Amino acid sequence: MSSSENTLPPNLARIVEKFKKRSDPKKRYEQLLWYGKKLEAMPEDSKVEENKVQGCVSQVYITADLKDGKIWYKGDSDAQLVKGLVAFLIEGLNGLTPNEIIEVTPDFIEETGLNVSLTPSRANGFYNIFQMMKKKALAFQWGTSA
């Protein structure tokens, strides 16, 4: 048992476990594509520069709304696999408080095994998407708009 399993929010821990059970990279890709298909559509007017994830080869957008002290993300990407990464993170982090999200460390990315299955640029993109989500959570914590 690694240290981050104790601190991962329940939804994120559950998703990480699903990926850990799949040792075959092809199965991990299929799982990501499945998440991508489930992702709720993002309004086109949210696809603006301030919601764009920097450092991603594909177009990736993330928005965050604070409702009753909890953050609700939406996101999209023009690449199916990256859309799966976005969906993975949204499902894992939605409904948490800004502080709970800020406390999550990126170690879970390695635990999924995705960092070895993905190309370096996609693995880096996954990290960048996660950092953008944390940045938006931090903005809510400090009372500025995300």
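Q: Contact means heavy atoms within 4.5 Å; on that basis, which residues does Ile129 touch, leaving out those up to four places away in sequence?
A: Ile129 touches Val53, Cys56, Val60, Ile62, Val82, Val86 and Leu89, not counting residues up to four places away in sequence. This is a predicted model, in which local features need pLDDT of at least 70 and side-chain atom pairs count only at pLDDT 80 or more, while totals for chains, interfaces and linings use all residues. Residues are numbered from 1 along each chain as its sequence is written, and side-chain values use heavy atoms, with hydrogens and water left out.

Q: How many residues are in the largest nonpolar core?
A: The largest nonpolar core has 40 residues. Such a core is a set of buried Ala, Val, Leu, Ile, Met, Phe, Trp, Tyr and Cys residues joined through side-chain atoms within 4.5 Å. Buried means under 20% relative accessible area, exposed over 50% and partly exposed in between, with a 1.4 Å probe and protein chains only.

Q: Which residues have the most contacts inside it?
A: Tyr73, Phe88, Leu93, Phe108 and Ile129. At least two core residues come from each of α2 (10-20), α3 (25-38), β1 (60-67), β2 (70-77), α4 (80-93), α6 (107-112) and α8 (120-141). Helices (H or I, at least four residues) and strands (E, at least two) are DSSP runs, numbered from the N terminus.

Q: And which element gives the most to this core?
A: That is α4, with nine residues.

Q: At what angle do α2 and α4 pack?
A: At about 140°, with axes 7 Å apart. That makes α2 oblique to α4, since angles under 35 degrees count as roughly parallel, over 145 as roughly antiparallel, 65 to 115 as roughly perpendicular and the rest as oblique. Axes are lines fitted to C-alpha atoms, for helices over the stretch in contact, and angles run from 0 to 180 degrees between N-to-C directions. From α2, Asn11, Leu12, Arg14, Ile15, Val16 and Phe19 meet Phe88, Glu91, Gly92 and Leu93 of α4.

Q: How far apart are the axes of α4 and α8?
A: They are 10 Å apart, and the helices pack at about 35°. Leu81, Val82, Leu85, Val86, Phe88, Leu89, Ile90 and Leu93 of α4 make the contact with Arg122, Phe126, Ile129, Phe130 and Met133 of α8.

Q: What span does α8 reach from its first C-alpha to its last?
A: α8 has 22 residues and reaches 31 Å, close to the expected 32 Å, which is 1.5 Å times one less than its number of residues. Just after α8, Gly143 has a positive phi of about 80°.

Q: What about Lys135, buried or exposed?
A: Lys135, also placed in α8, is exposed at 59% relative accessibility. Its C-alpha lies 9.6 Å from that of Ile101, 34 residues apart along the chain.

Q: Switching to α3: is Gln31 buried or exposed?
A: Gln31 counts as buried, at 8% relative accessibility. Leaving aside neighbours within four places in sequence, Gln31 is in contact with Lys18, Phe19 and Arg22.

Q: Last one: where is Asp68?
A: In the loop between β1 and β2. Asp68 is exposed at 82% relative accessibility, and has a positive phi of about 50° although it is not a glycine.

How values were computed. Contact means heavy atoms within 4.5 Å.
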